[in-house]
Amino acid sequence: MTGLSGAPLPADAVLAHGIGGRQDLPIPFSYALIGAALALVLSFVLLGVLWRNPKLTGERAGLPLPDNVARVLDSPAPAWVLRVVGLVVTAWFGTSLLFGEDIATNPAPYAIFILLWIGIVPLSVLFGPVWRYLNPLRTLHALLATALRTRPEDGLYALSPRVGYWPAAVGLFAFVWLELVAPDRATLPVLRAWVAAYAGVHLICAAVFGSRWFDRGDAFEVYSAFFGKLSPLGRREDGRLVLRNPLDGMASLRPAPGLVAVVAVMLGSTAWDSYSGSTRWVSYAQQAEHRTLVGTLGLLGAVVLVGLVLVAAALLAGRLGHVEQSGRERVPLREVPGEFAHTIVPIALGYVVAHYYSLFVLEGQRTLILATDPVQSGADYLRLRDAAIQASFITPTSVSVIQVVAVVTGHVLGVVLAHDRGVRLFPHARAVAGQLPLLVVMVGYTCAGLALLLE
């Protein structure tokens with residue numbers, strides 16, 4: 001077993017989702033698949049009987065926080081504290097990236113692939129779109145605008161609404177390609193080049209289009225914002241901070257250009273990560289002459305497949321549900337995929353938990369230990385260098401059970417979101433029939449996902 005940099009890891013650093021498998025489930029794997037499929041079908045039936053009218057009100061929902069609490073949270077101080085934290089942490093690990101040695105104990109790769117890529121998910125689900133405040137690029141742009149005595153949101157040109165989330169989709173794909181396909185991806189020269197290119201592109205675009213660029217163009221901000229929709233802490237349409245049903249928050253994610261592409265990358269990349277670790281793919285890839293090209297095509301194929309399946313199912317749902325006739329919200333058939341794209345986000349969250357839970361717990365500890373010595377200077381500020389990684393509570397059985405529960409829960413939430421949107425868009429008599437294609441897709445996603453994760 002090897003670490004991010006390819007160096008051998010100690011025995012206590014068992015990596016990722018591979019420590020749990022089908023044989024570790026407390027029930028036969030076939031029973032787990034049948035139970036998962038039945039859970040989705042039963043949820044669909046109960047929703048059809050009990051949930052006949054739209055209940056999720058999106059940005060109109062939520063219980064306002066007490067005025068004194070909201071006043072503190074809305075003041076500039078908390079935001080700037082987070083911005084300073086983002087800059088300090090970036091500088092801390094950036095020192096290792098720029099000046100550290102290209103060895104297994106350099107914390108920079110762990111910071112990028114563990115703390116940033118995985119850690120941003122639980123933070124966003126708990127507290128909302130936190131990367132908007134931690135993002136060092138947004139902070140640098142704001143500081144530069146202040147120095148030039150201009151407003152951060154002002155740019156040379158207005159960003160066209162038709163751009164939508166497409167830049168974020170491209171940026172997100174670029175990162176998962178780095179994580180899953182790029183050769184020598186955890187070496188410092190590769191990471192330096194990628195980070196420099198990413199920072200340069202976004203700072204230039206922010207200068208041209210203003211800080212609103214980050215809302216739609218920065219992959220990590222969009223990634224955090226989408227998962228942040230599931231946070232119990234959110235904002236109503238009137239700007240008030242509220243406590244809300246996470247499904248109301250998720251329902252507030254409205255269609256926009258590139259939305260389907262982003263969720264396809266979110267789900268397709270995780271599915272590809274699972275499949276690319278299977279013995280079937282590894283044996284094939286080892287014999288391929290151009291491994292990077294083959295891996296790139298495989299990743300792209302997984303993302304495109306997820307996107308096409310969602311679009312096809314949504315369009316079929318729109319036809320079966322007669323979406324253009326007498327629904328509560330009449331929308332053109334071509335816009336139906338965007339109306340249901342938000343249902344993929346809790347599914348993607350389930351896969352992130354299932355796929356990265358043990359990796360984050362184990363390698364997150366390693367990252368904190370390595371972070372005490374960013375330039376291998378001999379310092380041990382947090383006195384963690386000699387700490388041992390605690391892995392006793394990560395067992396194959398617990399990991400495999402968490403994988404099944406996370407995947408099924410994510411899909412059940414997706415069914416609930418799809419049903420509420422369906423009864424809002426489709427005529428009452430056709431609402432249930434219109435959702436059947438989406439139910440079939442979600443059952444297929446569930447079975448395929450569990451099979452990949454537990455292989």
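The chain contains 19 helices and three strands. The model is predicted. Of its 455 residues, 50% count as buried. Among contacts in the chain with a separation of 6 or more, 80% join residues 24 or more positions apart.

**Nonpolar cores**

- The largest nonpolar core holds 116 residues, of which Phe226, Phe227 and Met266 touch the most other members.
- The element that gives the most to this core is helix α17 (residues 344-370), with 11 residues.
- A further core lies apart from the largest one and has six residues, including Leu362, Ile369, Ile389 and Val399.
- Leaving aside residues up to four places away in sequence, Phe227 touches Val121, Ser124, Val125, Met266, Val345, Ala348, Leu349 and Val352.
- As general background, nonpolar side chains tend to be buried together in soluble globular proteins.

**Packing of α1 with α18**

- Helix α1 (residues 29-50) and helix α18 (residues 396-425) have axes that come within 10 Å and cross at roughly 25°.
- Because angles under 35 degrees count as roughly parallel, α1 is roughly parallel to α18.
- The crossing of α1 and α18 is right-handed.
- On the α1 side, the contact is made by Ala36, Ala39, Leu40, Ser43, Phe44, Leu47 and Gly48; α18 contributes Val408, His411, Val412, Val415, Val416 and His419.
- By class, the residues of this contact comprise nine nonpolar, four polar and no charged.

**Packing of α15 with α8**

- The axes of helix α8 (residues 166-180) and helix α15 (residues 291-320) come within 11 Å, with a crossing angle of roughly 135°.
- α8 and α15 are therefore oblique to each other.
- The crossing of α8 and α15 is right-handed.
- Phe173, Val176, Trp177 and Leu180 of α8 meet Thr292, Thr296, Leu299, Leu300 and Val303 of α15.
- This contact of α8 with α15 comprises seven nonpolar, two polar and no charged residues.

**Packing of α15 with α19**

- Helix α15 also packs with helix α19 (residues 431-453): their axes come within 6 Å and cross at roughly 160°.
- Since angles over 145 degrees count as roughly antiparallel, α15 and α19 are roughly antiparallel to each other.
- The crossing of α15 and α19 is right-handed.
- The α15 residues in this contact are Val306, Val309, Leu310, Ala313, Ala314, Leu316, Ala317 and Leu320.
- Their partners on α19 are Ala433, Gly434, Pro437, Leu438, Val441 and Tyr445.
- The contact of α15 with α19 divides into 13 nonpolar, one polar and no charged residues.

**Positive phi values**

- Most residues other than glycine have a negative phi.
- Arg149, a residue other than glycine, has a positive phi, near 60°. Arg149 lies in the loop between α7 (136-147) and α8.
- Arg149 counts as exposed because its relative accessibility is 79%, and the cut-off for exposed is over 50%.
- Asp184, likewise a residue other than glycine, has a positive phi, near 55°. Asp184 is found in the loop between α8 and α9 (188-209).
- With a relative accessibility of 55%, Asp184 therefore counts as exposed.

Notes. Residues are numbered from 1 along each chain as its sequence is written. This is a predicted model: local features need pLDDT of at least 70, side-chain atom pairs count only at pLDDT 80 or more; totals for chains, interfaces and linings use all residues. Side-chain values use heavy atoms; hydrogens and water are left out. Axes are lines fitted to C-alpha atoms, for helices over the stretch in contact, and angles run from 0 to 180 degrees between N-to-C directions. Helices (H or I, at least four residues) and strands (E, at least two) are DSSP runs, numbered from the N terminus. Angles under 35 degrees count as roughly parallel, over 145 as roughly antiparallel, 65 to 115 as roughly perpendicular and the rest as oblique. A crossing is left-handed if the near helix is turned anticlockwise from the far one by less than a right angle, and right-handed if clockwise. Contact means heavy atoms within 4.5 Å. Ala, Val, Leu, Ile, Met, Phe, Trp, Tyr, Cys and Pro count as nonpolar, Asp, Glu, Lys and Arg as charged, and the others, Gly among them, as polar. A nonpolar core is a set of buried Ala, Val, Leu, Ile, Met, Phe, Trp, Tyr and Cys residues joined through side-chain atoms within 4.5 Å. Buried means under 20% relative accessible area, exposed over 50%, partly exposed in between (1.4 Å probe, protein chains only).
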